[in-house]
Amino acid sequence: MVSAIFSLFFQPFEKKEKISLTKLVSDINQDKVKKLTILGNELEIIYQDDKLAESRKETEAALSQSLINYGVDTGKLAKIEIVAKEAGGTWVWLGPVLFSVLPLLLFGLFFWMLFRQAKTGATQAFDFTRARAKLFGAEGQPKEKISFDDVGGLKEAKEELNEVVDFLKNPKKYLGLGARIPRGVLLIGAPGTGKTLLAKAIASTANIPFFSISASEVIELFVGVGSARIRSLFDQARKTGRAIIFIDEIDSIGKIRGMGITGGHEEREQTLNQLLAEMDGIGREEGILVFAASVIGDTPVLIKRDNEYKLLPISEVIDPYYQEEEEGIEKFTNDLKALGFERKERKGSAPKNNIYFGNSAFKKVRSVFRHKVNEIYEVEYLGGKIKTTGNHSLFVRTQQGLKIKRVSELKAGDILVDLPFKVNRGIKRLREIRFHSFNGNFEMELSVWQPLFEKFEPVNLTYQYALSHAGTVSQSRLAEMFEVSQTTIGRWQRGGSGPRTLSREYYQHKDILPEKVKVTPDLCRLLGYYTAEGYARKEVDFCLNRKEKEKIEDIQNLMKKIFNLEPHRIKFNTPGAINIVYQCTPLAKFFAYHCGKGAENKHVPAFLFESTFEYFKEFFKGYLGGDGYIYKNRGGQGEVTSISKQLILELNWLFRMHGLKSYIYSFKAKEGRKIKNGKPLKETTAWRLGFGKTQ
């Protein structure tokens, strides 16, 4: 290390090329040399392109004579600026001094730091397992005088906790009657309802110390540290006599035991066991109480469940696994995947434990956990904000790969993992953009009729049950079970006719529409047009500007090519606008199923989250043609707009999953505005997605 630092001081940052006098003469004759500087026998050469070189002249002869002897062109030599300098200056004496003294100084500094670290090492080793709890009240600083009057509402909770305060003030009165104080109190409630304030009010009113710590501060990477910090926390509390220990975010350690990857040897398991042992060991005369609160976040996640892709708030993902009031129980999942990433194989001498980002991919979710929250962290980053809990872990980019950090440990300047994931930006030949790994062999067919009959699935199940139980269950019993007439059950079982709602015979396009359509780039472009400009009720209606002749023609050609349909009618009711109407209910249900119904409910087709770029590109091309704009003077930059936040969020995810940088923002669309000369609209919040030509 010392040698490296020393060489850094004495080696020039730009290495000069050493050339011979023969080479110098050749370069002068070719008009390559701009300036010569003579310093004793040393020559410094500056070329026309400002490149530096050095040479050495003959000791006994003058420079001009030496160059003439080597065949220099005197005319070209006269054009060169020649400067003679005398050797000397500060570095003549300072250089040798530094060469002798500086290494000794560096060695001295190195050994001083070594001895200083060794002196404090033992103390720091023990301090690592010490609980870093904040102390308030009694002998703690600062002293906060908080009473129950400072806590608004919560009348019943305060009445119950008053008994705890009275016990802490007059323990002998209760002990004489044989009463026992509860070892712990669990405070549960929504964020901001005063759980922490209640615990502080008890400590302040009883005039006892209040130890506050977050459960996320207890658990560490190394097994045994968490349990040691729990022991340290209770030891500190016992030294004060009577005290309250407040553990925030207790859900991060207070989960089901025995469910860890490594069983009872997991760090969280040992920490939980130590906490329970300490609470169980609190004597009846010890005035120590444990209060706890729970924290969780609500972050949007991209999931895959039952082969369907959805972008949902995490609460909507987790809630289906629980009963209405159920919480605090870990639920294992069999069918849930969330967007994560595959690790990239390390190369060379990179440490074994380093984590490197390879590409995003859907990863299986082992289990979910629902609980009430007490505190929410808001993480602000370039491009948006997320809300989550302090014990929630995020991946942060470092020079050694990805590191896992709790939200409570994040600092300004930490770089979160993002898509697209760019590496080696400063080295052109090594520059790389990593993003999602899509299925290169994507193929899919969509049922044209299935969306129409989906809402009648209960009728279909009734029908199938009646057929399969013919002769085993009486028709009267089946009619009673499903609340239909016995005559209907009999007609079904005799094969006379099925339920009318399940029959295609009542739709005029039953012989025209295909049974299925293959997902192609053309279909994706048509779905893009519909998402931007389409309406679906009992018909499909595309509304465009009359001047958009290419789009109008493209939509009609695609509808004919894919669904064998010609427009039922073309309307010109709105000035400047054209409505292309297809009176086909099954097709209206098809478009609404895959892209939504109503401008505020539009979304991207779910299959785009597994298809390759050419399909997404065509969908976006269709959508951009309706609700987007390319700025002519901004090098290909553009924006698309929608009042559907879900649609813009999904487009943003797809852009980034395909390695394209994008951004979103919202704005208020003023009341009274008109679209294509239509009716005045109400004020609403609209969303925009922006993108650039260069990524």
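Author: Welcome! Buried means under 20% relative accessible area, exposed over 50%, and partly exposed in between, using a 1.4 Å probe and protein chains only. The model is predicted, and local features need pLDDT of at least 70, while side-chain atom pairs count only at pLDDT 80 or more and totals for chains, interfaces and linings use all residues. Residues are numbered from 1 along each chain as its sequence is written, and side-chain values use heavy atoms, leaving out hydrogens and water.

Reader: What makes α9 largely enclosed by the rest of the structure?

Author: Eleven of its 15 residues are buried, so α9 is largely enclosed. The buried residues are V225, G226, S227, A228, R229, I230, S232, L233, F234, Q236 and A237. Helices here are DSSP runs of H or I with at least four residues, strands are runs of E with at least two, and both are numbered from the N terminus.

Reader: How do you know what span to expect of α9?

Author: The expected span of a helix is 1.5 Å times one less than its number of residues. Helix α9, residues 225–239, reaches 21 Å from its first C-alpha to its last, close to the 21 Å expected. Just after α9, G241 takes a positive phi of about 90°.

Reader: Why are α14 and α15 called roughly perpendicular?

Author: Angles of 65 to 115 degrees count as roughly perpendicular, under 35 as roughly parallel, over 145 as roughly antiparallel and the rest as oblique. The axes of α14 (residues 475–482) and α15 (residues 486–494) cross at roughly 115° and come within 8 Å. Therefore the two helices are roughly perpendicular to each other. Their contact is made by Q475, S476, L478 and A479 of α14 and by Q486, I489, G490 and Q493 of α15. Contact means heavy atoms within 4.5 Å.

Reader: Why does E618 count as buried?

Author: E618 has 12% relative accessibility, so this residue counts as buried. E618 lies in helix α19, residues 613–627. Leaving aside neighbours within four places in sequence, E618 is in contact with P521, C524 and R525.

Reader: And what makes A53 buried?

Author: Its relative accessibility is 0%, so A53 counts as buried. A53 belongs to strand β4, residues 52–56. Not counting residues up to four places away in sequence, A53 touches K16, E17, I19, L43, E44, I45 and Y47. A53 and L43 are ten residues apart in sequence and 8.5 Å apart in space, C-alpha to C-alpha.

Notes: Axes are lines fitted to C-alpha atoms, for helices over the stretch in contact, and angles run from 0 to 180 degrees between N-to-C directions.
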